[in-house]
Amino acid sequence: MELRSGPRLRSLPTPGFPDGDEPDRISALPDEMLLQILARLRCARAAAHTSGLSRRWRGLWRHLRELSFRDMPADAIDAALDQVAGQALTFLEVDIPEEHRVLEHARVSALLLAAARLAPADLVFSLWGYAYDKDGDIPIEIPSFERTTSLKLDVMDHVLIPPAGAVEFPLLEKLSVVCCRINTAELVHRCPRLRVFEIEVFPSQDVALNRIKVHSPTIEELVVKVDDVQLDSLDIMAPVLKRFSLRVNMAKDFTVSFSAPMVENIRWDCLCEDENVGFGEKWRLCYLKLVLKENVGVLRMSISCEGWNWMLPDRSFSQEIAQLPAFSVLELDLQSKDHCIGALVSHLLGICSTIRRLKVDIGQYHTECSPNCPCDQPQNWRNEIISLTALEEVELIGFDGTENDVDLLKLLFRCAPLKSMTVVLAPDSSLPTDQDCEEIYSMFEANPHVKCSVYRSPCKG
């Protein structure tokens, strides 16, 4: 294509603006409207850069009611906070990434004080650090946020303490804390209007400090997470609590006190790395999960048959289950295909005698069971009478149809007013060709009021 040059069109001058200069209509807007434009940027640094547009914009960002400082080093944020003109901010965010890790506890304290000076109603404060010296963890005092209603403190690798004296957070309704350690009992005591509390801690190696205590007459939602280090004690007393979430690694002597009569929703995850909770010489707890939703509590337990050194556990299943909120469904994930599960299941049913539904999933883990293996101890479980007056539904997955499995079925039919029995056979089960199959079907026929179903699990691969 050939381009031709020709006379250029020239813009006509705008009346009142010589040389055709267009008026800066945006800069001519009132301050209130310009501040609304800057607020849409949702970044204080970007708002500050508009100062280069004209003198009209210079320093205007300092008057914003909502400020977010992200991905900036501490020195830059400190200088920016000093320039903010107003107080009583609506929202303030300070987010210092890991690459700008703040090591000195005095520096963190200064940043918190600078944020408190602006009296934000909603504060998000996040940074990384490691405040540690030869004398141990150096605590950082949380300033008094008298006007703040929502506060998020994410100070990884730092230790926090409440304000000195009896200073309270009078308006605080929502609090989220991530830190190395903090006295939760004292902190919650300083928040008379707190409704939502989220705490994630990485406790000290000092056993006396590995405890979470929350006693509050106002908290309605509570989240507790303890990572990397084991928790020794959990103490919750919250009369109006409705939602509760827990994720912890249980210490050897982990204890629980939980009082929340109005709770409606629970998610309770506990890992047992020491495997010191169990039954007999073989069975050990790996983890337990309790979920309460729509008035139905489900307890799921993962149990291994690999007991250590043929030694008895430090704690029993009875001790562990007694600490839990009420549940009506028991789900057992048993990591032991070749061992007898009857004694274990019978023992757990005696503890959880009020359940309405039972599900047992026998994992396809082939482990050798010797003639004298203690997995079937005590053997008198076959003749036990357990009062299971509420148990109506049973599902057995990975069923082999061995003599021990048949004995477990007999126990369930004998002790519970069942309405439904579902058996899912293991892929390599010898059923339905052996004698045990006939005995199982005879039991089904002897209980016509029970809806009985038998399926075979599909082979994998």
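**Three rings in a predicted model**

Guide: Phe-244, Phe-258 and Trp-268 are linked by ring pairs into a cluster. Mind that this is a predicted model, where local features need pLDDT of at least 70, side-chain atom pairs count only at pLDDT 80 or more, and totals for chains, interfaces and linings use all residues. Residues are numbered from 1 along each chain as its sequence is written, and side-chain values use heavy atoms, with hydrogens and water left out.

Visitor: What makes Phe-244 and Phe-258 a tilted pair?

Guide: Rings of Phe, Tyr and Trp (its six-membered ring) pair if their centres lie within 6.5 Å; planes under 30 degrees apart count as stacked, over 60 as edge-to-face and the rest as tilted. Here the centres are 5.1 Å apart and the planes 40° apart, so "tilted" it is.

Visitor: And why is the pair of Phe-258 and Trp-268 called edge-to-face?

Guide: With 5.5 Å centre to centre, these two rings pair, and 75° between the planes is over 60, so they're edge-to-face.

Visitor: Why does that pair tie together parts that are apart in sequence?

Guide: Phe-258 sits in strand β14 (residues 243-259) and Trp-268 in strand β15 (residues 265-271), so the parts joined are 10 residues apart in sequence. Strands here are DSSP runs of E, at least two residues, numbered from the N terminus.

Visitor: How do you know that Phe-244 counts as buried?

Guide: Buried means under 20% relative accessible area (exposed is over 50%, partly exposed in between; 1.4 Å probe, protein chains only). Phe-244 has 2%, so it's buried. Trp-268, at 1%, is buried too.

Conventions
Helices (H or I, at least four residues) and strands (E, at least two) are DSSP runs, numbered from the N terminus.
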